[in-house]
Every structure is written in C-alpha cells, then in structure tokens.
Number of protein chains: 2
Amino acid sequence: MELNEKKIHILKIAEKLFAEKGFDGTSIRTIAKAADINIAMVSYYFGSKEKLLEGILLFRSTDFKMEFENILASSKSYFEKLNEIVTLIIQRIHRNRHIYKIVNFEYSNNNREINFDGYNNQKKENASLIQNFIKEGQDAGFFSKNINTSLIFATIIGTYFHIYYNKKYYMKNFDLQNEKEVDNFIVATLIPHIQQTIKALLTNEN
Amino acid sequence: MELNEKKIHILKIAEKLFAEKGFDGTSIRTIAKAADINIAMVSYYFGSKEKLLEGILLFRSTDFKMEFENILASSKSYFEKLNEIVTLIIQRIHRNRHIYKIVNFEYSNNNREINFDGYNNQKKENASLIQNFIKEGQDAGFFSKNINTSLIFATIIGTYFHIYYNKKYYMKNFDLQNEKEVDNFIVATLIPHIQQTIKALLTNEN
DNA sequence: GTTTAAATCAAACATTTGTTTAATTTTGTG
DNA sequence: CACAAAATTAAACAAATGTTTGATTTAAAC
C-alpha cells in the first residue's frame, strides 16, 4: 500500500483517537470529522476500520535495530552504552506511545483478528539485541550473572507505561502542568530512574 | 448499593468481559447472555452500563492497607519485609488484574466521565505506605539514599503489566501452555525478578 | 388466599455503528 | 479541449447499540 499525504494524515488522526478513546470507542465518523474528510474515504483508502488499524501498525513499524546497533558500535563503556540504550528505548516508546497503547490493548484483546506478526517479530528481535548486549557485558565481567535478562525489557517498558497509563495521577503527584512538563519529567526524572534501576540490577552481587 | 448474589454474579461476568474485550467492545447483550440474564436486568440493577462499571470498581476496592501493615508489624528484617511487600503487591494485582486493566485503560481514556476518586485515593495511600517504609529503611541505614521512591511502585506494577499485556508473546517465549503455568511463572520467575530488581536498586551505591 | 412489591421478560425505542452505492467533482494525460 | 482515472460526496443500508416500556411471573408478608 503506497501512502500519499492524505492517507498519512488520516493514519495520524486515527492513531491519536484510537489511543485516546480506544479502537471500539472511536467511530469512523469521529475520525472523518477530525481529519476533515468524508466518512467513505476510510473504506475507500483502507478497506475497513480494522485495515486502517493495521495500516497504522505498518506505518509505525520503524527500524529500531539500526539505532540500537549505532550505540553498540561506539567506543563507550558498557555502562555508558547501557544508559544510552535505556534512553533510546524510552524515547522511542514515548514518541510512539499512541500506537503502543493501542497495541497493548488490542493485543491482549480477544475481540478481533488483527495481524500482530510484525509486532511479535520486532519485539523478539529487540529483546534478543538487548540480551546479547547484556551477555557480552557479563562475559566481559562488567555485569553480574544470575539475572533474568528476558525480563529486563519488561521492567524498562513497563515502568514507562505505568506512568503513561496513570498520567493524570502522576501529573498531580509531580505537579506537572502540561504536556511539555511531562516530556521534561520523562527526560529529567523517569529515564534516570530506569537507568539507575537497571544498572543496579546488573551490578548487584547476590 | 447493597449487593445480592445475582448482582455480584453480573459484576464478575462483566468484569471479565470488560477486561477481555474492553468496555466499548462489550455490549450489554453480551454480558446478559454470558451471565444468563435478561438484558433489562443491567439497567434495572445498576441504572446504566457506566454505572455497572463503577459498581465493579467499588466492588473491587478492597483494603490493601491492612495486609500491608501486617507485614510491617512483623519482626523480620527490612529485606525480608521488602520481598514480602513485592509479593503482596504482585499477587494482589494478579488476582485483580481484570479490574486493573479496565482502570488502566479507561483512566487514560478521554471518552467517559467515570468517577476515579476512589482509585486515586487508594493509589496515593498505597504509594505513601511504601515510601514511608523505604524512608525508615534508609534512616536505619539498610537502604541507599538518592532514590526516587515514588517511582518504585511504577517499576513493580509496570513490570507485571507489561507481561500481562503481552501475555501471548511471553507465553510463547517462556513456553507456558496454560493459565496455571502462567500463574506459576509469576510466582517462580516474575516475583523473584522484581524482588531482585528492587533490592538491587535499594542497596546499590551511586 | 390475598395483596404488594420485587424480579423477570419480550418487545420496542431511537441512535449509532461500519460499509456500500451511485452520482458528481477533481485531477492528470494525450 | 477531451477523455479516463481517481477522488470526493451525500445518501442509504442493515446491523448493533444502550435504554425503556408495559406486561407477566415470582416471592414475601399478612
């Protein structure tokens, strides 16, 4: 499916609405009104509402691997690399938080038949990239052993999403007034906390 | 609102369906069929579909505080207590994962006007219980300082939910065949991982 | 047994849903 | 301009939605 400007416009509007109101909570008429198009255009361009969602998935499935390998290729220490990896993961997820929320919800949903193979494969690949990096760090003597490396990813991403899903609560709690301050909180507070947590886990003797 | 047996039956069925298919993805007719009642009974008992959801929230808002204080009152070490607290949190969340998923989603949803004050207050209380415990441990010299204690809760819960939301992926990944094996995985693998992570964070020098 | 309130039911209600149709307009090409 | 393909539109479609109605059944109290 080739994407012209109008299709991308629809995809972005729909992505935001799906994340805000849920897939079932968002009607094609709502999308059409927000995107300022005729309601028939969604079917015309994408075929159906479900295909529209799959279109968003495809549109957002970018290449994490390359950015990751750029970090690995540098001449920095294992701990510096580790920090950069955490930053990369969180910033990517934060940037694409909308589609991730949709996926999180629809993937654990028994209602629909949506093809998540791409999501699964990407997840598996990213997990193995991180596990290999940690393994190398262990062999080099920098990271402790006896760590369930396949759960580290869950801790990193999970911490972020708990904040995101309870954004209203944490905005009050940390006195964040607007989205910009939330972004700043993520860079200045959340990312360092996760870096500190993962580093502690990887260096702790047990 | 007093709860007779039939009301509770409806609440439980609706809770499961909302968690599986989402609030918008679950129709009253679906609930009625699953609960083997007439569709008018939902309005008759609860007033509306949204009130039904609030009924579930109320029904599940149990007293975490008491169990928590039981742990604190024991004569065990700070580290043993810490492990027990993590276990308590995860097992409670796992037991009530359905309602938590609903809340996670609807709370970050801009579509509806549902009263989350109870949820907010409970969350705030639980967070402060944990923060006080950690602060005591720091003052007693067992836990390191320079830790963002308000984010520890996010790490604990977030790790669990990332697994839950990606259950299909992790069941494949960890070769779990059924729900019983998932439960076992949580006790035998996930809880120790989180305990290890939090302990590392709280003892790490930086 | 009679009375009264609660519970249950099938049916109907007005909206909203995703999708399709068929006509019209716009765009690009020769 | 003439033509063809693509884009856009309003209208219509059947199906599904949450809720209400009004009648009927059940249960409890006297």
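Because the model is predicted, local features need pLDDT of at least 70 and side-chain atom pairs count only at pLDDT 80 or more, while totals for chains, interfaces and linings use all residues. Residues are numbered from 1 along each chain as its sequence is written, and chains are lettered from A and ligands numbered from 1 in the order in which they are written.

Start with chain A. Its secondary structure comes to eleven helices and zero strands. Helices (H or I, at least four residues) and strands (E, at least two) are DSSP runs, numbered from the N terminus. The C-alpha atoms of chain A fill a box of roughly 60 × 40 × 35 Å along the principal axes. Of its 206 residues, 32% count as buried. A residue is buried if 20 or more other C-beta atoms lie within 10 Å of its own, exposed if 12 or fewer, and partly exposed in between, with C-beta atoms placed from the backbone. Among the contacts in chain A with a separation of 6 or more, 64% join residues 24 or more positions apart. Two residues are in contact if their C-beta atoms, placed from the backbone, lie within 7 Å.

Take α8(A) next. This helix has 23 residues and reaches 33 Å from its first C-alpha to its last, close to the 33 Å expected at 1.5 Å a residue. The expected span is 1.5 Å times one less than the number of residues. Tyr119(A), Lys123(A) and Ile134(A) are buried in α8(A). Their cover includes α4 (49-60), α7, α9 and α11 of chain A, together with α10 (167-173) of chain B. Just after α8(A), Gly141(A) takes a positive phi of about 90 degrees.

Now the pair. Chain A can be laid on chain B with an RMSD of 0.0 Å, by a turn of 180 degrees and a shift of 0.0 Å along the axis. The two copies are thus related as by a two-fold rotation axis. The superposition is by least squares on the C-alpha atoms of residues with pLDDT of at least 70 in both copies. In chain A, the C-alpha nearest the axis belongs to Gly158(A), 2.0 Å from it. The same surface serves both copies, with 100% of the contact residues of chain A recurring in chain B.

The contact takes 41 residues from chain A and 41 residues from chain B. On the chain A side, the elements giving two or more residues are α1 (5-21), α7 (97-107), α8 (117-139), α9, α10 (167-173) and α11. α9(A) gives the most, with eleven residues. This side divides into twelve nonpolar, 23 polar and six charged residues. Ala, Val, Leu, Ile, Met, Phe, Trp, Tyr, Cys and Pro count as nonpolar, Asp, Glu, Lys and Arg as charged, and the others, Gly among them, as polar.

The largest nonpolar core has 50 residues, of which Val86(A), Ile198(A), Val86(B) and Ile198(B) touch the most other members. A nonpolar core is a set of buried Ala, Val, Leu, Ile, Met, Phe, Trp, Tyr and Cys residues joined through C-beta atoms within 7 Å. α9(A) gives the most to this core, with ten residues. Not counting residues up to four places away in sequence, Ile198(B) touches Leu82(B), Val86(B), Ile152(B) and Ile156(B). Apart from this core lies another, of 39 residues, among them Leu17(A), Val103(A), Leu17(B) and Leu52(B). In chain B, 13 of the 14 residues of α9(B) are buried, so this helix is largely enclosed by the rest of the structure.

The elements giving two or more residues here are α2 (28-35) and α3 (40-46) of chain A together with α3 (40-46) of chain B. α3(B) supplies the largest share, three residues. By class, this surface has eight nonpolar, four polar and three charged residues.
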